[in-house]
Amino acid sequence: MTVHGCSPQSAQGVSDPPSTIERCSQLLERWRSQLTLTSREQGCLRGELTLLDRQLKRLNQRNLRIAVFGRVGVGKSSLINALVGQRLLETDVAHGSTRRQQAVTWPLKLDGLQRVALIDTPGIDEIDAAGRTRLATRVAMGVDLVLLVIDSDLTRCDRDALETLQASGKPVRLVLNRSDRWPEEQLPELLDSIRSRLPNDLPLTAVAAAPRRPMLDADGRVRSSAAPARVSNLKQQLIDQFQREGELLLALQSLRLADRFQQQRQHLRLQQHRRSAQGLIGRYAATKATAVAVNPLMALDLAGGLACDTGLVLQLCQLYGLPLTPSATRQLLQQLSGQNALLGGVQLGLGLLKQLLLLLVPVSGGASLAPAAPVALAQAALAVHASRRTGALVARQLLQVRGGQPGALLQRLEQRDPVVRHWMQRWQRRPQPDWQPLLP
């Protein structure tokens, strides 16, 4: 699958199909222009919509963002200065000189990317665990790649940050800074120790962003002086990655944010309309139960029940404002068929029994009407149960729709492109939320 941009026309004069990035940009632009929100949704989702719009703007402008993340004093600012080749950020031997996020442009000339920004972030070990998780999540959602910087073996704080970043589905590179502090014969042992506790596919690179070398002054005392930075390996690895998949990471981040926003909107609508949906399901259940209980013909029982279920599905979609896609409709029909197979068999048996008892009325002198009444009540109770299960199943299916077009495109790219599949498999490691309290 083509990742980088295509030429306007092929050698035969026929237009080439749009590249993956162009398709993502076009689809997201169309989806965003057609996105309509209620006033409640605009208020509740304002922050998420702002984050999404910023990402879509960066995709359109081909601006890649990399966050440099880690504990206080591990040399994040020094690493950015070394990569850029200029002292643009303040560093302080007392540590903690970065108090807020700062963006620095990395002057690289790359195919398909107009700008690469390195984001310096505050240290994560001066806040509590919950605060670190929130900061890591917020930073990760606003960038396309994260450099997690350490200066020793992995600490508990480092491991917590790494777990949070990976749970957010963000591409992460681990960077061991200040590698000059270890003798050359001990450094491989340290790197092996760190790698033993990392996922197999997570890259680790050793650097020295601001090394010092010993020297003797005029009085014979040992001093230290600044030495050239040793970050060339990391720099080349990042440039190679940007050339291979920089645009793709931008597009996938944009699609994931759009998909995430759509799911949050679905979540909000299900939450907002849960009580109304319960009332709607209750009315359909009562109608279906009454019709099944008083109707003497089994064929009409089945037709009436099917009509009620169909009407309930349509009314729930209208209530939530979340129409089912064709694929979601097929999945729903399959699940309804499966869950109603047993209930339908019981209902059919009760219907046959009720019809038989009614046919025996002339022969029994009306005595068969007495057992027919409990059968009708059992049919009614079964119809109520089936309607409630149907309503909950429809709500769950609406919630699980992959965000309309952004989610559908993500699925297609995952099936066709091995690079996309690699990143998507990482992202799917995060635990799924519990949607049960939102169901009617």
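User: Among contacts in the protein between residues at least 6 apart in sequence, what percentage join residues at least 24 apart?

Analyst: The model is a predicted one. It has 15 helices and 8 strands. Taking the contacts between residues at least 6 apart in sequence, the share that joins residues at least 24 apart is 74%.

User: What percentage of the residues of the protein count as buried?

Analyst: A residue counts as buried when its relative accessible area is under 20%. The protein has 440 residues, and the part of them that counts as buried is 46%.

User: Which residues touch the most other members of the largest nonpolar core?

Analyst: This core has 57 residues. Its largest share, 14 residues, comes from α8. A second, separate core has 28 residues, among them A161 and I194. In the largest core, the residues that touch the most other members are L79, L83, W106 and F242.

User: Leaving aside its neighbours within four places in sequence, which residues is L83 in contact with?

Analyst: Contact here means heavy atoms within 4.5 Å. With neighbours within four places left aside, the residues in contact with L83 are W106, L118, L147, V231, L234, K235 and L238.

User: The structure holds 1 aromatic pair. Is the pair of W106 and F242 stacked or edge-to-face?

Analyst: The ring centres of W106 and F242 are 6.2 Å apart. Planes over 60 degrees apart count as edge-to-face. The planes of these two rings are at 85°, so the pair is edge-to-face.

User: How many residues apart in sequence are the parts that this pair ties together?

Analyst: Both W106 and F242 are buried. W106 belongs to strand β2 (residues 102-106), while F242 belongs to helix α8 (residues 232-272). The pair therefore ties together parts whose separation in sequence is 136 residues.

User: At what angle do helix α1 and α3 pack?

Analyst: Helix α1 covers residues 20-33, and its axis is 11 Å from that of α3. The crossing of the two is left-handed. The angle at which they pack is about 140°.

User: How many residues of the contact of α1 with α3 are nonpolar?

Analyst: On the α1 side the contact is made by I21, S25, L28, W31 and R32. On the α3 side it is made by L49, L52, D53, L56 and L59. The residues divide into 1 polar, 2 charged and, as nonpolar, 7.

User: Is R62 buried or exposed?

Analyst: R62 is in the loop between α3 (46-61) and β1 (63-70). Its phi is near 60°, a positive value in a residue other than glycine. Most residues other than glycine have a negative phi. At 15% relative accessibility, R62 counts as buried.

User: What is the relative accessible area of R178?

Analyst: R178 is in the loop between β5 (172-176) and α7 (187-195). Phi of R178 is also a positive value, near 60°. R178 is partly exposed, with a relative accessible area of 25%.

User: What distance separates the C-alpha atoms of C308 and T287?

Analyst: C308 lies in helix α10 (residues 298-320). At 13% relative accessibility, C308 counts as buried. C308 and T287 are 21 residues apart along the chain, and their C-alpha atoms are separated by 7.8 Å.

Technical notes:
Residues numbered from 1 in each chain as written. Predicted model: local features only at pLDDT ≥ 70, side-chain atom pairs only at ≥ 80, totals over all residues. Heavy atoms only, no water. Phe/Tyr/Trp six-rings, centres within 6.5 Å; stacked < 30°, edge-to-face > 60°. Helix = DSSP H or I, 4+ residues; strand = E, 2+ residues; numbered from the N terminus. Buried < 20%, exposed > 50% of the residue type's maximum accessible area, 1.4 Å probe, protein only. Axes fitted to C-alpha atoms, helices over the stretch in contact; angles between N-to-C directions. Left-handed = near helix turned anticlockwise from the far one by under 90°. Nonpolar A, V, L, I, M, F, W, Y, C, P; charged D, E, K, R; others polar. Core = buried A, V, L, I, M, F, W, Y, C linked by side-chain atoms within 4.5 Å.
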